[in-house]
Amino acid sequence: GAEDMAYETLLVEQHEAVTLVTLNRPKALNALNSQVLAELQMAFAAYEADDSQGCLVLTGSEKAFAAGADIKEMQPQNFADMYGVDKFSGYDALSRSTRKPWIAAVAGYALGGGCELAMMADYIIAAETAKFGQPEVTLGIAPGMGGSQRLTRAVGKAKAMQMCLTGRMMGAEEAERASLVAQVVLAGKLLEEALNQARTIAGLGPLAVKANKELVNAAFETSLSEGVHFERRIFFGLASTQDKQEGMTAFIEKRKAGWTGK
Ligand code: CAA
C-alpha cells in the first residue's frame, strides 16, 4: 500500500487496527544498519501517532528475525566514529518511542542486535525455529544495544553470562523455559498467532492497555514498594475513565464492552 512507499528495508502494512512491520533486508539476514534504524523510527512514530492502530507486530523472515547489527557497516568504525554519534542510542529512543504495545514475532536467527531488538518488544513470540544469541564476544566486541542488561533481566545471570561469554545460541524451547519468550508456536503459525494476539490487544481499551504496559515496565526501574505504590495510583486513576465504567457495566450486563479510550 501507500504506507510502504517511504521504506526500503521494511515492509509496513496495516491489518485493521494492527500494524505489521517486517524487516526486509533478506540478502543480509536483516542485519541492522543505520537505514533500518531510521526506518524503524519512522514506522514506530507513524504507529504511535495513528489512533486507528492499537498494536504493532515486528517480524523478520523465516530464516532470520535479524542476524545482528551490520558487521560490514561497523568493521571500519572506531571509537570516535561511534562515540561521536552515540551509535545505537537511536535504539534507546526507539524502545521509548511508543507507549502503545508491540510484539516481536521471531523465527530463525535473532543474534546480537537482532536479539537485543526483540528484547525491546513488550514480549516475544517465537517460532520453534528461533535461535537467540549474543555472539558479539566472537567478534571481539560486546553487546551494544542493551543485550547485556535486558538478557540478564530476562533469563538471569547464569544463562546470560554463559551466552555472552561463549556466544552460544539458545533455541526456542529453552528460551521459553528461561522466560526470554512468552510463547513458542509452530513456525507456520507464527505470524497468524502474533497477529491474533495483537488483534486481541488492539480490541481492548487503549487507556487500560497503556497503563498495563507502563506498570509492567515500572517493575524494571523501581523498588517493590515504590512499584506497588505506583500501581495503586494508576489503578485509582483508571477508576475515573469512561472505559472502566463501560468495562464493568458490560461485564454485569453480560454484553461486549464498547471502548472509547476516554
Ligand atoms: N552484518 C552484516 N551482514 C551479515 C550479518 C551481520 N550481522 N549477518 C549475516 N550477514 C550477511 C553475510 O555476510 C552474508 O552476506 P554475503 O552473502 O554478502 O556474504 C549473508 O548475510 C548471509 O549470511 P551467511 O552466509 O553467513 O548465512 P549462514 O546461513 O551461513 O549463517 C549466521 C547465518 C549464523 C546468522 C551468520 O550469518 C552469522 O553468524 N552472522 C553474524 C551474527 C553476529 O555475529 N551477530 C552479531 C553482530 S554484532 C552486534 O549485533 C553488535 C550489537 O550488539 C549492537
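User: Which residues lie nearest the centre of the largest pocket?
Analyst: In this predicted model, those are Met120, Ala121, Asp122, Asn217 and Phe220, out of 35 residues that line the largest pocket.

User: And what's its volume?
Analyst: The largest pocket comes to about 1300 Å³.

User: Which elements give two or more residues to the lining?
Analyst: Helix H5 (113-120), strand E7 (123-127), helix H6 (147-155) and helix H10 (206-218) do. The largest share, nine residues, is from H10.

User: How does the lining divide into nonpolar, polar and charged?
Analyst: There are 19 nonpolar residues, seven polar and nine charged.

User: OK, switching to helices. At what angle do H6 and H7 pack?
Analyst: H6 and helix H7 (residues 157-166) pack at about 140°, and their axes are 7 Å apart. Oblique is the word for that angle, because only angles over 145 count as roughly antiparallel.

User: Which residues meet there?
Analyst: From H6, Leu151, Thr152 and Val155; they meet Lys157, Lys159, Ala160 and Met163 of H7. Sorted by type, this contact has four nonpolar residues, one polar and two charged.

User: Now the sheet with E4 in it. What's the strand order?
Analyst: The order is E4-E6-E8-E9, four strands in an open sheet with mixed pairing. Strand E4 (64-66) and strand E9 (170-171) are the edges, each pairing on one side only.

User: How do E8 and E9 pair, parallel or antiparallel?
Analyst: Antiparallel, over two bridges, with E8 covering residues 131-133. Phe132 has Met170 in E9 as its bridge partner.

User: What does H5 touch on that sheet?
Analyst: H5 touches E4, strand E6 (109-111) and E8, and its direction makes about 95° with that of E6.

Conventions. Residues are numbered from 1 along each chain as its sequence is written. This is a predicted model: local features need pLDDT of at least 70, side-chain atom pairs count only at pLDDT 80 or more; totals for chains, interfaces and linings use all residues. Side-chain values use heavy atoms; hydrogens and water are left out. On a 1 Å grid over the protein atoms alone, a cavity is a set of points where a 1.4 Å probe fits but cannot get out, and a pocket is an open set with protein on both sides within 12 Å along at least five of seven lines; lining residues have an atom within 4 Å of a point. Grid points are joined across faces, edges and corners, and a volume is the space filled by probe spheres set on the points. Ala, Val, Leu, Ile, Met, Phe, Trp, Tyr, Cys and Pro count as nonpolar, Asp, Glu, Lys and Arg as charged, and the others, Gly among them, as polar. Axes are lines fitted to C-alpha atoms, for helices over the stretch in contact, and angles run from 0 to 180 degrees between N-to-C directions. Angles under 35 degrees count as roughly parallel, over 145 as roughly antiparallel, 65 to 115 as roughly perpendicular and the rest as oblique. Contact means heavy atoms within 4.5 Å. Two strands pair if DSSP finds at least two bridges between them.
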